[in-house]
Amino acid sequence: METKIISLDPTGFTRLDLEEAVYLMQNGEIIGFPTETVYGLGASILNPESLKKIYLAKGRPMDNPLIVHISHMDMLPALVKQIPERISILCDRYWPGPLTILFEKSELVSDLVTAGLSTVAIRMPANEIARALIRELGEPIAAPSANSSGKPSPTNAMHVFNDLKGIIPLILDGGSCDYGVESTVIDVHSNPPLILRPGGITLEELQEVLPNIQVYGKNQKDKALEEKPSTPGLKYTHYSPNAPVILLTGTNEEIQAKLQKTYLQYKENQSKIGIIHTHKTIELPILISQDQDTYVHSLGINKNELIDSQDFNAALIQQGLFAKLREMDMENVDVIIVEAISEKKEGLAVMNRLQKAAFKIL
Ligand code: TXA
Ligand code: MG
């Protein structure tokens, strides 16, 4: 199968530009499309055959459920048993946007979407192309991230193409994604409410509405909660480029020392080294910065900022993270050394993905 790419201007596309995508989806095909978080691989939730194709195309385990995407609040009631007041408040505030909320599912939602669970994960994407596609199709779209299972999520159309060429007929190219990590998945049926997957909407933002919300698997005081099965996707390997990722943690001084030590270890074995450098406050050791064979990618540094500014930008790191991991693979490095950042705001999602990608945490 040939994989076609249609480029759309996110601010100037028309219904006609979406015709082929809608036609394909109506005829049981799955397609790649942009969202504000990462690219999705979409199928109508009403077509079991296309839903099956999603799992096959990605090599995704069948017990990992999909997120349902809607374009308008009108689509919600048919998908769920009820819309509790506390969830309406969240929808009003964060939709359209990168927040996925669990609901009790209605009969309309098949087990192929929810992997047999009684809940369905739903979000309304902020990306205009994504919402227009759902609106034109006239049906909610189930969509996981459009990567091969286990790879970093795609944040531009070429990433999707690299993973799924020959497997899907069409990718809508809407440019690079604004957020660069997936949506935040929350469960407000539990007490306290839980973030099952940190993502585009930060913990700090959610705390404004849900002051007692907690992050699943982190700082939890309640043992029973810890033992509760979490979001099924969390148990699988994720976000891993081909080369092993080594994550360096600690104070700036500790990270700098670990960087030098790890670099020298791999250099001794003549490995091709990739470094993702995230702190402006950490100077790269001279021997690394002068090594022409080592790939150093800086993340989170706004080129327009003054060179001596002390802070770094977690949102920029988040936006570029998956793309940098993929670039390192393209350069065929043997190891990727990444510096940890603070878990404040966007840092929580960044560190969540890095911890999952990591082969070793030092
Ligand atoms: O930003 C996003 O969420 C992107 C874009 C395309 O919308 N989608 C995405 O989908 O990241 P995916 O399939 O890669 O991740 C969905 C996550 C998985 O961890 C899955 O286990 C969880 O959501 N999930 C889906 N339905 C669930 C449910 N009923 N209960 C618990 N977790 C669920
Ligand atoms: Mg995914």
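**Where the domains meet**

Mentor: Across the interface of domain 1 and domain 2 the rule finds 8 residue pairs in polar contact, with both residues at pLDDT 80 or more; a polar contact is a pair of N or O atoms within 3.5 Å, where within protein one must be able to donate a hydrogen and the other to accept it, and residues adjacent in sequence count only if both atoms are side-chain atoms. Please keep in mind that this is a predicted model, in which local features need pLDDT of at least 70 and side-chain atom pairs count only at pLDDT 80 or more, while totals for chains, interfaces and linings use all residues. Residues are numbered from 1 along each chain as its sequence is written, chains are lettered from A and ligands numbered from 1 in the order in which they are written, and side-chain values use heavy atoms, with hydrogens and water left out.

The two domains themselves are domain 1 (4–227) and domain 2 (245–361), with bounds that come from an automatic or database domain assignment. Their C-alpha centres lie 29 Å apart, and 24 residues of domain 1 are in contact with 15 residues of domain 2, where contact means heavy atoms within 4.5 Å.

The size of an interface is often given as the accessible area lost when the parts come together. Here domain 1 and domain 2 bury about 1600 Å² between them, 56% of it on carbon and sulfur atoms; buried area is the accessible area (1.4 Å probe) that two parts lose on being put together, summed over both. On the side of domain 1, P152, V181 and P198 supply 31% of the area buried against domain 2, which is more than any other three residues.

Charged side chains also meet here, for the rule finds 2 salt bridges across the interface of domain 1 and domain 2, a salt bridge being a side-chain nitrogen of Lys or Arg within 4 Å of a carboxyl oxygen of Asp or Glu. The side chains of R326 and D163 form a salt bridge, with 2.9 Å from N to O. As for the elements that give two or more residues to the side of domain 1 that touches domain 2, these are α6 (157–164) and α7 (203–207), named from DSSP runs numbered from the N terminus, with helices (H or I) of at least four residues and strands (E) of at least two. Of these, α6 gives the most to that side, with 3 residues. By class, the side of domain 1 that touches domain 2 has 8 nonpolar, 9 polar and 7 charged residues, where Ala, Val, Leu, Ile, Met, Phe, Trp, Tyr, Cys and Pro count as nonpolar, Asp, Glu, Lys and Arg as charged, and the others, Gly among them, as polar.

K345 and I201 are 144 residues apart in sequence, yet 8.8 Å apart in space, C-alpha to C-alpha. Leaving aside its neighbours within four places in sequence, K345 is in contact with T202 and E204.

Finally, look at R93 and E208, whose side chains meet in a salt bridge (2.3 Å, N to O). R93 lies in helix α3 (residues 85–94) and E208 in the loop between α7 and β11 (214–215), so this pair ties together parts that are 115 residues apart in sequence.
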